[in-house]
Amino acid sequence: MRRARLTIILLALGFTCCGVDAARSEPSRIALVITNSQYANFPAMSRCAPAAAIARDSLRAKGFEVMERNNLGRGEFDTAIGLLARRVAAAPPTAAVMYYCGYAAEFNNRSFLLPVSAVLTRDNDLLSQGILVKSVVDSLRRTPDSAGLVLLDVFRTPDAPSGRTSPLAEHVPASSFAVIAAVNEANGEGATALALGLRDEFSVADVGVNSVTNGLRRRLAKEQVTAQVIAATGDAALAAEKRPAPPPAGTPPPAAPPPVASIAPPPPAPLPQPSFKTTPQQRVMVDEDQMSDGDRRHVQTVLANIGYYSGRIDGTFGPETRAAIRRYQFEIKAELTGRLTAEQATKLVNSMR
């Protein structure tokens, strides 16, 4: 009799552990939907709001936690991308989707997404005011065991040459994240072809990175849009309907739990003692010429954490670091020299505390 009871208890524990392992193995789902439709220096776009709403609802229907951001300036855009990257890194494995609808522009054959605050008087203004597409993908693909989609539903600026598209494949390496860009005509009506295609692809029971990529590729080829696709290096599930597994044949029913003995209520908890938090001491930086190798690496690390820098943390301030510094200087309304003063460096490194 005791042996039978012990067998039942062990079987019950085994099923419980299997359930815990299955729950842990299921990836978390998170998405960022950015709608930039009200620009300070470009015509407003009526198509982005309905397109983003379709993308948001399609993702939520599949269990994604959706973060929505509308009409982002330069700093807000960087913050949103950085938050998504941190959320992806915090709980791998993660299925992540980033959807953007708004203007895009090009410089030196590189694609940039435009914040609503962008003022482009010269082509190279994109270096300080635009969001480099490659840096967006880089911020997501660094996390192992994560995969997903980067969906760029973009419109050309009014002064952009007609028919020109940037060769994304030359600058965005293939990774576990598929990149799908659709260049739309501003004079169209209603939601975009990319958003409608996403809705259709997410309407099926099981959704994967490759199935969505291939479906959107076919859909966009039939529409009046210019599409570019960088396929993921491998497939990964984005969502799947849960199907309960049948119990093994001959499994005995679990034993009834023993009666619960009454337990006396615990004594009242002592009153919390007041705590006194001390403000962390700020790190004081020196001028760039006097920085140590550690100081320079720390500056690069902070620039990377806020989404301005995607290069190596090597203590060498090359062109990518200079461009990241100019982006930061633009954000704090300083002269775009690409070189940090002691005051600017101190403000930068303490902004992440």
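How many cavities of 30 Å³ or more does a search of the whole structure find? The search finds two. This is a predicted model, in which local features need pLDDT of at least 70, side-chain atom pairs count only at pLDDT 80 or more, and totals for chains, interfaces and linings use all residues. Residues are numbered from 1 along each chain as its sequence is written, and side-chain values use heavy atoms, with hydrogens and water left out.

**View 1. The protein chain as a whole.** The protein chain holds 11 helices and 10 strands, taken as DSSP runs (helices H or I, at least four residues; strands E, at least two) and numbered from the N terminus. Of its 353 residues, 42% are buried; buried means under 20% relative accessible area, exposed over 50%, and partly exposed in between (1.4 Å probe, protein chains only). Among contacts with a separation of 6 or more, 72% join residues 24 or more positions apart, a contact being heavy atoms within 4.5 Å.

**View 2. The second largest cavity.** This cavity has a volume of about 30 Å³. A cavity is a set of points, on a 1 Å grid over the protein atoms alone, where a 1.4 Å probe fits but cannot get out; lining residues have an atom within 4 Å of a point. Grid points are joined across faces, edges and corners, and the volume is the space filled by probe spheres set on the points. The lining consists of R74, D78, G130, I131, L132, S135, G307, Y308 and R327. Helix α3 (74–90) and strand β5 (131–132) each supply at least two of the lining residues. By class, the lining has three nonpolar, three polar and three charged residues. Here Ala, Val, Leu, Ile, Met, Phe, Trp, Tyr, Cys and Pro count as nonpolar, Asp, Glu, Lys and Arg as charged, and the others, Gly among them, as polar.

**View 3. The largest nonpolar core around L113.** This core has 77 residues, and those with the most contacts inside it are M98, L113 and L152. Strand β3 (residues 94–107) gives the largest share, 11 residues. Another core, of 16 residues, lies apart from it and includes V299, I306, Y309 and A324. A nonpolar core is a set of buried Ala, Val, Leu, Ile, Met, Phe, Trp, Tyr and Cys residues joined through side-chain atoms within 4.5 Å. Leaving aside neighbours within four places in sequence, L113 touches F77, M98, Y100, Y103, A104, G130, I131, V133, L152 and V154.

**View 4. The disulfide of C48 and C101.** The sulfur atoms of C48 and C101 are 2.1 Å apart. Because C48 lies in helix α2 (residues 48–61) and C101 in strand β3, the pair ties together parts that are 53 residues apart in sequence. The S-S torsion is about -85°, so the disulfide is left-handed. C48 is buried at 0% relative accessible area, and C101 is buried at 0%.

**View 5. S58 in helix α2.** S58 lies in helix α2 and is buried, with a relative accessible area of 9%. Its contacts, neighbours within four places in sequence left aside, are with R199 and F202. S58 and S203, 145 residues apart in sequence, are 7.7 Å apart in space, C-alpha to C-alpha.

View 6. N71, in the loop between β2 (65–70) and α3, has a positive phi of about 50° although it is not a glycine. N71 is partly exposed at 28% relative accessible area. N108, in the loop between β3 and β4 (110–113), has a positive phi near 55°. N108 is exposed, at 58% relative accessibility.

Methods: 1 Å grid on protein atoms, 1.4 Å probe; cavity = no way out; pocket = protein on both sides within 12 Å on 5 of 7 lines; lining within 4 Å. Disulfide = S-S within 2.5 Å.
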